[in-house]
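I looked up one topic at a time and wrote down what I found.

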Amino acid sequence: MSAIKLTIDGQEIEVAPGTTILEAARQLGIDIPTFCYDPELPPNGACRICVVEVEKARALVASCVAPVGPDMVVHTESERVVNARKNNLSLMLANHPLDCITCEKTGECKLQDYCYRYGVASTEFKGEVKDLPYDDTNEFFLRDMNKCILCGICVGKCQQVVGAGAIDFTKRGFITNVGPGFEDAIEESTCVFCGMCIDNCPVGALIPKYVTGKGRPWQTESVPSVCPYCSLGCNINLHVKDNQVIGVSPVEESPVNRGHLCVQGKFGWDFVHSGDRVTTPLVKNDGVFIQVSWEEALDFIVDSIKDIQSRYGADALMGISSPKASNEENYLFQKLVRSLGTNNVDSYTKRCHASAVDGMMDAFGNAATTNSIDELAAVDAALVIGANPAESHPILDYRVREAAQKGAKLIVATPDLIELVDVSNYYLPLKQGTELALLNGLANVIIAEGLIDQDFINKRTEGFDQLKKAVDKYTPEYVAQITGLDEEEIRAAARAYGSAEKAAIVSDAGVDKQTGGSDFVKALANLALLTGNVGRESTGIYLPYGENNLQGSADMGTLPNNLTCYQHIKEKEVRDKFSKAWGVEISDNPGLTAEDVFESGINSSIKVMYIMGENPVACGGEKEKVTGFLEKLDFLVVQDMFMTETASLADVVLPAAAFAEKLGTYTNIERRVQLSQPAVEPPGEVFADWAVLVELAEWFGFDWDYTGPEEVFEEIASLTPEYSGISYQRLVEQGLQWPCPAEDHPGTKYLHEDSFNRGQGLFAPVEYDPETAAISEKDAAVCCAPGHHGCQCLSETLTRRSVIQAFKKSCCI
Amino acid sequence: MSNEAVAELNQDIDLDQVDSIIEPYLGKKEMVIPILQKVQDHFGYLPRPAMEHVARRMRIPLSRLYGVTTFYAQFKLKPRGRNIIRVCKGTACHIQGSPKISERIEQILDVESGETTDDLRFTLEEVACIGCCALAPVIMINDDPHGRLTPDKVKDILDIYE
């Protein structure tokens, strides 16, 4: 259909048919006021503040719902319009407390702004006013429904975007209100405290408690940062006043989270100002930590490590890095450890995701989640299995939900009734630990019913015949027996996934313990390869991690056998390149993994350990083994924000800065490298990890001449093809997804478009093993993966020191 | 009726009954009003445990169900009495003294308009007009009109109903 031409306030514009007058006006930069309009919710035209005058129309029209018409002439600020808006505002003020002097919303309140704009100082309509009690029951925010103007945006966000469904309109007429069922307190509702109602409330009805009395919006500085919790890396703005973070808001234009957040991002940052922070270097003397100067601490560390390495060899040292530290810090950490002559460098939390990584590597040759987060919203079918995104990675839940609402077929295969079941088309409540059988069963049906993508299989894959043979016995009848599902349900789900043009699979990289490790991930890959659902937009496999920079820390070479971006230590060319750049000899002896050392007991050679930002004692179920090992060490250095269980075993503890106190980049699951700016100064004598590492390297005698993280990043880019086109200058604008091989390269939205990293995609026949299933059933209750329990994450080191600890709903640790 | 009394009644709600009402409608969220009507027909009101069960089985947030039930006047969240008293508040009745009739009923039953007696014997409601102004002031108890009332006649009339 051809474009529609109209005139708004004397300006001509052509827009697509179906565009609303409001959208057309916004394209022209004309600001029409709105209360109830939100671009991601269906317009309801309820508040009438957006009325405009259309020539020849009988009455004023609500521009948020009225579509444009040919040759329409629109006036957005005519006398009639202005009078109508004044009346509207006056009516709202008739039933709205005028306590703007103390109201936290002052300065960013739409009602206040519009009253100012139209000169409405008081109401001309005197009458009854609401007198509702505050809801002050929860730790996070205050609800004062006397200020609510019933725009309904919070209801839309809660019901549609988040799916929590905690609040809705109640009653009708004058006493209409917004709240939980049976007027329960928010605390007792299904609220997940994502804070999106707060972020979108146009008035002061919903106020986060952390901000009360701390500062006005115009007094605060907004600093772009990246959420420090899960691997989605939501973009946030930290609100800063007087060297204090006093609030957080989501970045509206972020391609990652589009203005959405969860409880962790919205409320979980307060650990930054926790009174528990370690603020000076500490050295243990007769079992008691005493404060020392940085010089003393560094001297002690360098002497001790040198002494031990001279006695036991370079490989007596091991470094454990953190998937919470920045890319630059992880890079410098492995550089320092390797410069000291050993490849013993790893991160312990990675082991929770090791099987997922192995499975993806085997199938595609790259362990990363294949597609971007936002592509999920546009799939035609989604299979959610072995995960509950609402708890572990809420933004993924929001995107799948959005796809389902747009008509995508949603298959949820989980033993528990997870939140996404609400919007699913096929719910397969399979027995715990039988996921592998179901996946083979789905493959069986897809092959049997001719739903495979033969062309894709021929051109892009290998091993199809073996897979076909292997899944032959997994008929729906057989799989139904194992899983406890209905045969027809299995067939219907297979058809939904197999016949979709664009289908994606959402699981969790922490699936290992529940479902039999890498075989499960291979079975996911089999489905994607069978149907050609990989290497295209809105397809692929999503395996999100628990930590914000797990992807980045692995990219940065904190792996015993890999340098940056999986350049293998065994290859001489790789070693030569790095040796030359660093001016040190890199050992060709692949180092030990953290799992080797902490769990398998292959650790007698390790005498000294340097742990940066990890808490292996509290992470996972091997507490005694890990403690025993650490206690036996000759020397242990821990660099951390807090006196963790691990730090308390150390000989030296070095304080570390929080994410909000330092500059650096982090890489999320969609391989997006994102820049996080420092918002506040660290307390006491605290420095960022990168600064400590640079200083320590100097003390070891290395000539590291970095002036800041940007120079470190330049070095990373120069040594890492996937990162080579990325620079801080570009990242200030927006994050970039690797591979980004050139300065003018826009980054890579999804992987495997033309070929897989391993060449052909590999079908890997995997068998369902009832014994594994039995173990997984037992283990399900002690799932180790951090971040999988709503707000409790990374051994609780952060959450224990945050208000989000109060949110126990989905936490099982 | 007090919230405590309602809560006590709600303890004995038979959810199997709710299940059999929901069964034909599973997966059809748009049928929520007929479901609620049938649940109300069965229990005489919408007990909270029944609403929670409907929410769970139909995968509809409780907040949304509550929104629906508080929007429509036909839905009752508290038990209703065996006998429904409707006091006419039309113009004719008002002039003829219906406020005094209401007052006397409230006094005898110790409830306010819209409430139910703890023994579930009566629910007292006000209606806009019964349509027999010639009998003003008039009340209806169940399907029986009682007209040309004076406050003193009220007690004997209430005594007829058990």
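How many helices and strands are there in chain B? I counted eight helices and four strands in chain B. The model is a predicted one, and I keep that in mind for every entry below.

**Entry 1: chain B as a whole**

I read the elements of chain B along the sequence and got the pattern α-α-α-α-α-β-α-α-β-β-β-α. I then looked up the extent of chain B: its C-alpha atoms fill a box of roughly 55 × 30 × 25 Å along the principal axes. Chain B has 162 residues, and 29% of them count as buried. I also looked at contacts in chain B between residues at least 6 apart in sequence, and 64% of these join residues at least 24 apart.

Chain B is divided into domain 1, residues 3-71, and domain 2, residues 83-159. The C-alpha centres of these two domains of chain B lie 30 Å apart.

**Entry 2: the sheet in chain B**

In what order do the four strands of the open sheet in chain B lie? I noted the order 2-1-3-4, with mixed pairing. Strand 2 (122-127) and strand 4 (144-146) of chain B are the edge strands, and each pairs on one side only. From one strand to the next, the twist averages 25°.

A general point for my notes: strands of a sheet pair through backbone hydrogen bonds, and the pairing is either parallel or antiparallel. Strand 1 (residues 83-88) of chain B pairs with strand 2 of chain B in the parallel sense, over six bridges. I looked up one partner in strand 2 of chain B: Cys88(B) is bridged to Val127(B).

Helix 7 (residues 98-109) of chain B lies across strand 1, strand 2 and strand 3 (139-141) of chain B. I noted that helix 7 runs at about 155° to strand 1 of chain B.

**Entry 3: where the chains touch**

I found 16 residues of chain A in contact with 11 residues of chain B. On the chain A side, the largest share is three residues, from strand 7 (residues 168-170) of chain A. The chain A residues that touch chain B divide into six nonpolar, six polar and four charged.

**Entry 4: domains and first strands of chain A**

Chain A is divided into four parts: domain 1 (4-77), domain 2 (124-273), domain 3 (282-349 + 549-720) and domain 4 (370-543 + 760-782). The centres of domain 1 and domain 4 of chain A, taken over C-alpha atoms, are separated by 44 Å.

I then looked at strand 1 (residues 4-8) of chain A. With strand 2 (residues 11-15) of chain A it pairs in the antiparallel sense over five bridges. Opposite Ile4(A) stands Val15(A) of strand 2 of chain A. Strands 1 and 2 of chain A form a hairpin with two residues between them, and Asp9(A) in the turn has a positive phi of about 45°. Strand 1 of chain A also pairs in the parallel sense with strand 5 (residues 73-75) of chain A, over two bridges. There, Ile8(A) has Val74(A) as its bridge partner.

**Entry 5: helix 12 of chain A**

Helix 12 (residues 435-448) of chain A has 14 residues and reaches 20 Å from its first C-alpha to its last, close to the 20 Å expected. Why do I call helix 12 of chain A largely enclosed by the rest of the structure? I do so because 12 of its 14 residues are buried. Among them are Glu435(A), Asn440(A) and Ile446(A). After helix 12 of chain A comes Gly450(A), with a positive phi near 70°.

**Entry 6: two single residues**

Is Cys194(A) buried or exposed? Cys194(A) counts as buried because it has 27 C-beta neighbours inside 10 Å, and the cut-off is 20 or more. Cys194(A) lies in the loop between strand 8 (177-179) and helix 5 (196-200) of chain A. Leaving aside neighbours within four places in sequence, its contacts include Val162(A), Cys262(A) and Pro394(A).

Thr461(A) lies in strand 20 (residues 461-462) of chain A. Thr461(A) is buried too, with 22 other C-beta atoms within 10 Å. Beyond four places in sequence, Thr461(A) is in contact with residues including Leu529(A), Gln760(A) and Phe763(A). The C-alpha atoms of Thr461(A) and Leu430(A) are separated by 30 Å, although these residues are 31 apart along the chain.

Note on methods. Residues are numbered from 1 along each chain as its sequence is written. Chains are lettered from A and ligands numbered from 1 in the order in which they are written. This is a predicted model: local features need pLDDT of at least 70, side-chain atom pairs count only at pLDDT 80 or more; totals for chains, interfaces and linings use all residues. Two residues are in contact if their C-beta atoms, placed from the backbone, lie within 7 Å. Ala, Val, Leu, Ile, Met, Phe, Trp, Tyr, Cys and Pro count as nonpolar, Asp, Glu, Lys and Arg as charged, and the others, Gly among them, as polar. Two strands pair if DSSP finds at least two bridges between them. The expected span of a helix is 1.5 Å times one less than its number of residues. Domain bounds come from an automatic or database domain assignment. Axes are lines fitted to C-alpha atoms, for helices over the stretch in contact, and angles run from 0 to 180 degrees between N-to-C directions.
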